[in-house]
Amino acid sequence: MTNNSDPVSHPYEAFQSLDDEEFQQLFRKIGNDSTLAIPKDLYYFVKTAISQKSINKAKSIVYLEDIPPNENSETVFVPCTDDPDMLKYILAKLAQFKNYKKFIMMIPRYSPSCQSAFDHDPNSEDVTVLEFHAEILPLSPDRFILPVPLAYSNIYCDSDISDVQTIARGLLKLQLVLGAPEKVYCAGQISHRVYALMEELKKHIGHTFYTTEDSLYDEIFIFDRSVDNVTPMMIQPTYGGRIDEDFNPSFGYLEPPEGVSLVFDPQIKPKADPNVEVIVPKDANLMPKNVVKIDALSDPVYKEVCDLMITDALTWMNDFNKERLETVPQMLKETKGTNEWRKYSKRATELLLQNPYNTFHINLFAEMPLDKRHLINQLGIKDDLITNDEPIEQAALDYLHRGLYTDAIKILALSCVYNNGASSSTISKFENTLNSVFGANFAWEWIRLFQANLIYPKPLLFGSKPYISAKRDLEMVLPMGDPLENFYGGFVPLIVRLVEHGLKSGWGESSLVGKTMKNLGIPFSVNSPVNKETIEKRIIHENKEVKSVLVFVIGGMTHSEMAMLEALGRTVFNGTVDFHNGTTDLTCGSRLIQQICPSLAKGCNNA
């Protein structure tokens, strides 16, 4: 993998500096002659959570799976996510090395569930566990992940709220570094637990930072993913959303289809920035050859097209080629010998350097399964839901019979929300089919779908359909030509509308949005973590023309949700609101379902 893009400055860079300092302290405890052993499944996460500068401090970097059992006495440290199953896997691997000094580095926290798994594991006796608090991982200058990838299943399926502390600590750290907001909006039970714990933790560090006159965010919205389970199940028409769903990149690292690669001309190199330290990765041999880093920080073409509709993204790429091959060469001829020639010469260089990325994305676009029948059908099903509130249980059964099990569950989940549950006969058909395909072990996974409230039976008595009412009252169906219609094909996610109303008119008990959330059974509140005097000082001190707002979703957020919120600030708010987005995981319907039902991710046919 090659990365020729220039570094991008953003507010979340501060956390990398803090993480580097903490890593150095941990490294001194472990020892300078230690080996960093990375589980293969965590390699891309580690590359994101730990800076290259810090990774290079290890004596050597290897895959955990590639260390041969031997009798040598060495020191090894292994990074691990907050996942009991991954911790058990690492302990089993480390058990092969009898004379090693063994350390496990939990990122970002050593939660009670992992502590319990460690305490009950027979391989844990000679292993030391340390915490590395890499809690804010940037995706772009205005997007980040607070890495709790199992938050949705842990919280909403297993009622394990140990992740609440990890999230609360991460958000508190965010405010310690970037300043406290004037308002914090909470929607959902877990968001209220997170906020309450943040207030409790704040008592242990004092209130000084909450009276500072500087803050990146004016307001913060914290949502439970369960507030809106509909949006992740929808097809994402944006280019970035489609890449996320079709190719499943991990923290921006994409393993492209065969025949697609990012190739640079070795004779064309950008000028080196003397202010940027060049760091040669010691783990270069571990990175698969064809892996490409695609995110707004690394890929200049992806930065431009990721939030466009897929057709608009392809148009942009074709226009890029036309400008590179026709427009700029023609202007260079016409302006030769004039002052304007320099402008086109500079643009020609820019296009030359960016062309490998553009070529890569054109080739990647060609591999998207846009012509697959089930994808087209799902777009049609979504349109029916948006416009006509059509019952779609039969469509879910059709997908089930075709062996497209993840898609079938996604459609059934949509049907439950729109039709206030599914019929008992449909639920029975799903349960019997899935148990026969995946065996008796799937029974527990099926129950977890009910615990997450993604699937549930219709009530015995006819009742109202609160989501349909919310869709109507909050105008979640857009008219043709609306500037936001492209992100979800004319549909506005509930979270986006709740944020918009909150900024425009607040979340009062008697307001439209307040009544809507009550009708949906969503607990909500608006909190003020800073006092009135501090707010007044900020108004005088900053005199902001643009309000900065963070939207954070517990349990995962889709690429297209993030893109729509940022577009909301540019269009509906006329550039007066600058949105930042944070979440515990970048998600989509398929990954969310397969997180709850791991059997679906182990080789069943969902293509």
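User: What does Asp121 touch, leaving out residues up to four places away in sequence?

Analyst: In this predicted model, Asp121 touches Lys88 and Leu91, residues up to four places away in sequence not being counted. Asp121 itself is placed in the loop between helix H5 (112–119) and strand E5 (127–131).

User: Why is Asp121 said to have no salt bridge?

Analyst: A salt bridge requires a side-chain nitrogen of Lys or Arg within 4 Å of a carboxyl oxygen of Asp or Glu.

User: What makes the pair Arg497 and Glu500 a salt bridge?

Analyst: The N to O distance is 2.6 Å, and the limit is 4 Å, so the pair qualifies. Both residues lie in helix H19, three residues apart, about one turn of the helix.

User: How are Lys203 and Glu200 classed, and why?

Analyst: Exposed means over 50% and buried under 20%, with partly exposed in between. Lys203, at 57%, is therefore exposed, whereas Glu200, at 37%, is partly exposed. Their closest N and O atoms are 3.4 Å apart, so Lys203 and Glu200 form a salt bridge under the 4 Å limit. Both lie in helix H8 (residues 189–205).

User: Why are the buried residues of H5 said to line one face of the helix?

Analyst: The buried residues of H5 are Ser113, Cys114, Ala117 and Phe118. Seen down the axis of H5, they fall within an arc of 135°, so they line one face. Their cover includes helix H4 (84–94), strand E4 (101–107), E5 and helix H7 (162–178).

User: What arc do the buried residues of H20 span, and what follows from it?

Analyst: In helix H20 (residues 512–520), Val513, Gly514, Thr516 and Met517 are buried. Viewed down the axis of H20, they fall within an arc of 160°, so they too line one face of the helix. They pack against strand E8 (183–187), helix H18 (466–473), helix H19 (494–505) and strand E12 (524–527).

User: Which residues have the most contacts inside the largest nonpolar core?

Analyst: That core has 106 residues, and those with the most contacts inside it include Phe579, Trp507 and Leu174. Helix H15 (residues 405–419) supplies the largest share, 10 residues.

Key:
Residues are numbered from 1 along each chain as its sequence is written. This is a predicted model: local features need pLDDT of at least 70, side-chain atom pairs count only at pLDDT 80 or more; totals for chains, interfaces and linings use all residues. Side-chain values use heavy atoms; hydrogens and water are left out. Buried means under 20% relative accessible area, exposed over 50%, partly exposed in between (1.4 Å probe, protein chains only). Helices (H or I, at least four residues) and strands (E, at least two) are DSSP runs, numbered from the N terminus. The arc is that of the directions from the helix axis to the C-beta atoms. Contact means heavy atoms within 4.5 Å. A nonpolar core is a set of buried Ala, Val, Leu, Ile, Met, Phe, Trp, Tyr and Cys residues joined through side-chain atoms within 4.5 Å.
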